[in-house]
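This report describes the secondary structure, helix packing and chain contacts of the model shown below. The account begins with the order of elements and then turns to the contacts.

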Amino acid sequence: MTQAGMINTRTRFTFLQRLLHWLMAISIIAMLFIGVGMVSTIAPKYVALVATHKTLGIAILVLAVVRIIVRLRSGTPPLPLDLPEPMKLGAKLSHYALYALMLAMPLLGWGMVSASGNPVVLLWGIHLPAILPHSDSLFTLLHTAHVTLAFAFFALILLHIAAGLFHALVRKDGVFQSMAGGDTVRNG
Amino acid sequence: MAQQSPGSSLASLALIAVVVAAGAGAFAYTAGWLSPDRVSGATLVQALTPPSGPALGHRRNHAKGICFTGTFEANGNGSELSRAQVFTAGQYPVLGRFNFSTPDPKAPDATSRVRGLGLQISTPDGNVWRSAMIDPPFFPVATPDAFYALLQASGSKDPDAMKTFAAAHPEIAAFGGWAGTAPWIESYAEETYNGLNAFLFIDRSGARHAVRWSLKPQAEVKSMSGEEFAKLGPDHLAEEITARVGKEPQHWTMVITVADASDPTADPSKAWPEDRRKVDVGTLTVDKIQPEADGPCRDINFDPTILPDGITVSDDPFPAARSAAYAKSFALRMSEEKDYPRGDAAKQGTQP
């Protein structure tokens with residue numbers, strides 16, 4: 001460990017980090033459910049679901065950028081010393097993947113709507129610029145990636161929840177509490 | 001680290017498995033994977049596909065069409081009803097598509113009773129208004145679910161399927177009457193195109209007005225029997241509009257019909273009474289025709305929920321259902337670009 005000792009002695013993520021984590025947890029899970037739900041229906045709610053999906057997606061993109069900046073500045077509490085190496089590696093890789101998806105999914109969605117030639121309009125009539133040119137092949141590529149990665153994202157979130165609960169219920173090693181908060185005074 | 005007995009570990013692992021399974025199950029339910037009867041955009045597109053399969057690279061319905069460009073000149077009269085810039089007096093660029101209802105882009109013109117016009121008007125404030133209109137005065141059925149049932153019945157091998165459908169959806173009789181008796185019109189330029197769906201116009205005070213819109217031709221209407229029309233040739237409509245617009249631009253008046261409080265806005269199978277207030281809001285001018293393969297309308301999704309600020313969806317359930325189905329059709333044909341060649345390849349492809 002070469003990071004500052006101050007960081008390594010923390011047992012919790014900072015309050016801001018926890019706030020961002022749980023706000024984004026709710027937003028991203030809602031987002032994935034809205035996404036698969038909206039394409040499953042022709043009911044009148046379809047229009048509102050699509051508009052909400054676009055708006056929430058941009059909100060998640062902004063939150064993801066803020067969160068990554070905060071993460072780079074605040075670091076993380078160390079993982080337990082007795083955590084087996086494969087689990088440490090799994091934790092590290094899965095978190096990189098989660099951050100990558102938080103950024104990539106909204107950008108793919110925004111790019112896909114741009115490439116479709118449709119105007120990019122959010123709730124409350126907010127217009128965003130197209131970030132890519134109108135193109136069949138770009139649209140198809142981004143649409144396929146957006147849909148495929150959505151399922152990968154949900155699978156990864158299930159894995160993340162399972163791992164968190166494993167730390168909480170089986171290992172009882174404080175990793176879950178570092179994000180969940182709990183019975184000790186928060187620090188950071 | 002607190003250690004625990006193997007038994008309680010097992011119970012914890014079981015609990016984790018239950019949480020993960022519940023999450024996956026809720027996701028599958030939301031996605032409709034556990035509800036095979038749920039109608040999605042994909043279901044509608046599948047129902048529109050003929051037994052011989054889809055025409056790859058083309059729209060899944062209204063597949064035969066031709067692009068146009070032109071202008072919409074607003075006269076300012078619509079500003080009282082909607083704050084959308086498109087109704088402020090001025091000229092705005094238009095692109096669109098004449099078409100008729102068929103899953104087959106090579107279908108002879110006389111095989112379809114329903115013709116349409118897709119329209120996009122763009123305004124300097126960045127707003128885009130898209131609409132897809134058809135020439136019947138009302139829609140065949142009252143709800144999207146009934147439309148899906150109609151597609152199923154018309155594709156069914158059961159000889160009584162249409163009879164059963166008509167009994168459950170009596171509104172189809174009026175459409176049958178129109179399709180059986182309305183004269184055939186010789187040109188896209190002479191057609192009236194009706195939006196049919198009700199939308200809400202929002203004026204500058206924020207008040208909402210339920211409306212429908214139509215494009216009325218300024219050209220003289222020449223009509224004939226179906227037999228006479230068929231004799232004009234399988235591609236008459238595209239050839240005729242190309243030649244006609246090549247000689248002089250063609251014009252339509254955009255007419256907004258304002259609903260009374262008593263008028264149904266959720267049912268496009270019911271026309272509103274003729275004496276409803278009508279406002280002429282401007283003129284559509286079509287001054288250039290281009291083949292679809294290379295034309296500007298090819299990659300445009302004329303999704304009726306793409307609306308400018310000042311127009312919004314009403315309780316009419318069709319725009320949402322159409323948007324869902326159009327999105328699916330669009331995604332399919334975009335991925336099939338190679339099956340519908342552009343450029344020189346397209347020109348060779350259309351020459352027999």
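## Architecture of chain A

Read from the N terminus, the elements of chain A follow the order α-α-α-α-β-β-α-α. The model is a predicted one. Along its principal axes, the C-alpha trace of chain A extends over about 50 × 30 × 30 Å.

## Packing against helix α5 of chain A

Two helix pairs in chain A involve α5(A), which covers residues 136-171. In one of them, the partner is helix α4 of chain A, residues 85-116. Sorted by class, the contact of α4(A) with α5(A) holds 19 nonpolar, eight polar and one charged residues.

The other pair joins α5(A) to helix α2 of chain A, residues 15-38. Here the angle is about 135° and the axes are 11 Å apart. This angle makes α2(A) oblique to α5(A). The crossing of α2(A) past α5(A) is left-handed. On the α2(A) side, the contact is formed by A:His21, A:Ile28, A:Ile29, A:Leu32, A:Phe33 and A:Val36. These residues meet A:Ala150, A:Phe151, A:Phe153, A:Phe154, A:Ile157 and A:His160 of α5(A). By class, the contact of α2(A) with α5(A) consists of ten nonpolar and two polar residues, with no charged ones.

## A helix pair in chain B

In chain B, helix α3 (residues 144-154) packs against helix α4 (residues 161-168). The angle between them is about 160°, and their axes are 8 Å apart. With that angle, α3(B) is roughly antiparallel to α4(B). The two helices, α3(B) and α4(B), cross in a left-handed sense.

From α3(B), the contact draws on B:Ala146, B:Ala149, B:Leu150, B:Ala153 and B:Ser154. From α4(B), B:Ala161, B:Met162 and B:Phe165 take part. The residues in the contact of α3(B) with α4(B) comprise seven nonpolar and one polar, and none is charged.

## The interface between chains A and B

The size of an interface is often expressed as the accessible area lost when the parts come together. For chain B and chain A, the buried area is about 3,300 Å², of which 71% is on carbon and sulfur atoms. In this interface, 47 residues of chain B contact 36 residues of chain A.

How many salt bridges are counted between chain B and chain A? The count is one salt bridge. B:Arg342 forms a salt bridge with A:Asp136, with the closest N and O atoms 2.8 Å apart.

## Salt bridges across the model

Over all chains, the count comes to 25 salt bridges. One within chain B links the side chains of B:Glu240 and B:Arg244, at an N to O distance of 2.8 Å. Both residues belong to helix α7 of chain B, residues 236-247. Because B:Glu240 and B:Arg244 are four residues apart in α7, about one helical turn separates them.

Methods. Residues numbered from 1 in each chain as written. Chains lettered and ligands numbered in written order. Predicted model: local features only at pLDDT ≥ 70, side-chain atom pairs only at ≥ 80, totals over all residues. Heavy atoms only, no water. Axes fitted to C-alpha atoms, helices over the stretch in contact; angles between N-to-C directions. Parallel < 35°, antiparallel > 145°, perpendicular 65-115°, else oblique. Left-handed = near helix turned anticlockwise from the far one by under 90°. Contact = heavy atoms within 4.5 Å. Nonpolar A, V, L, I, M, F, W, Y, C, P; charged D, E, K, R; others polar. Buried area = accessible area lost by both parts, 1.4 Å probe. Salt bridge = Lys/Arg side-chain N within 4 Å of Asp/Glu carboxyl O.
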